[in-house]
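Hi,

Here is the structure I promised to pass on to you. Please have a look at it first, and then read my notes below.

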Amino acid sequence: MGKEERNAYTIQSDENLGEVKIADEVVAIIAGLAAMEVDGVASMAGNATREIIGKLGMKTLSKGVKVDVLEGIVTVCMNLNLKYGYSIREISGKVQEKVKAAIENMTGLTVADVNIRIAGVEMDTQ
């Protein structure tokens with residue numbers, strides 16, 4: 001088969017208009033984008049930096065993110081690299097809040113958990 005199985009979830013259904021489905025990869029991309037907006041996050045695990053995302057596209061963002069959706073409830077697990085010198089606890093809390101808000105606002109799904117694994121710490125090269 002080669003290709004990964006992708007799940008899609010119905011987020012809106014109206015017999016007059018039809019339905020709206022969202023792929024789990026899209027939810028993962030939303031989570032990745034939200035996480036990358038937090039100051040102190042260096043990259044997604046697998047080195048999906050802002051520059052790489054710009055060159056290779058949004059799908060690189062979903063590589064460090066696993067999303068499970070069960071009956072409209074989302075659980076997110078993400079692997080991040082943080083910048084050296086930032087509080088892991090503070091940055092992780094900000095990422096959790098931002099990811100939860102972004103997914104809920106954009107999809108209407110409810111986020112139960114945003115689990116973060118700090119995969120590494122990066123020095124600022126500037």
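To follow the first finding you need one definition: a nonpolar core is a set of buried Ala, Val, Leu, Ile, Met, Phe, Trp, Tyr and Cys residues joined through side-chain atoms within 4.5 Å. Please also keep in mind that this is a predicted model.

**The core**

With that definition, the largest nonpolar core comes to 28 residues. Inside this core, V74, M78, V95, V99 and I103 have the most contacts. Which elements supply at least two residues each? They are helix 1 (24-36), strand 3 (41-44), strand 4 (65-70), strand 5 (73-83), helix 3 and strand 6. Helix 1 gives the most, with seven residues. As general background, nonpolar side chains in soluble globular proteins tend to be buried together.

Setting aside neighbours within four places in sequence, V74 is in contact with V27, V67, D68, V69, I103, L109, T110, V111, A112 and D113.

**Salt bridges**

- E90 and K94 pair up with their closest N and O atoms 3.4 Å apart. The two are separated by about one helical turn, because they lie four residues apart in helix 3 (residues 88-107). E90 is partly exposed, at 46% relative accessibility, and K94 is partly exposed too, at 41%.
- K66 bridges to D68, with 2.8 Å between the closest N and O atoms. K66 has a relative accessible area of 47%, so it counts as partly exposed; D68, at 37%, is partly exposed as well. D68 is also one of the contacts of V74 listed above.
- K21 forms a salt bridge with E19, where the closest N and O atoms are 3.9 Å apart. E19 is partly exposed, with 48% relative accessibility.

In general, side chains of opposite charge can pair when their charged atoms come close.

**A nonpolar patch on the surface**

Finally, turn to the outside. Y84, V121 and M123 form a nonpolar surface patch, and together they have about 370 Å² of accessible area. Is V121 itself buried or exposed? Its relative accessibility is 51%, so V121 counts as exposed, the cut-off being over 50%.

Happy browsing, and do write back with any questions.

Best wishes

Conventions. Residues are numbered from 1 along each chain as its sequence is written. This is a predicted model: local features need pLDDT of at least 70, side-chain atom pairs count only at pLDDT 80 or more; totals for chains, interfaces and linings use all residues. Side-chain values use heavy atoms; hydrogens and water are left out. Patches are made of residues with over 30% relative accessible area and no salt bridge: like charges are joined within 9 Å, nonpolar side chains (Val, Leu, Ile, Met, Phe, Trp, Tyr) within 5 Å. Accessible areas come from the Shrake-Rupley method with a 1.4 Å probe; for residues, only the protein chains shown count as cover. A salt bridge is a side-chain nitrogen of Lys or Arg within 4 Å of a carboxyl oxygen of Asp or Glu. Buried means under 20% relative accessible area, exposed over 50%, partly exposed in between (1.4 Å probe, protein chains only). Contact means heavy atoms within 4.5 Å.
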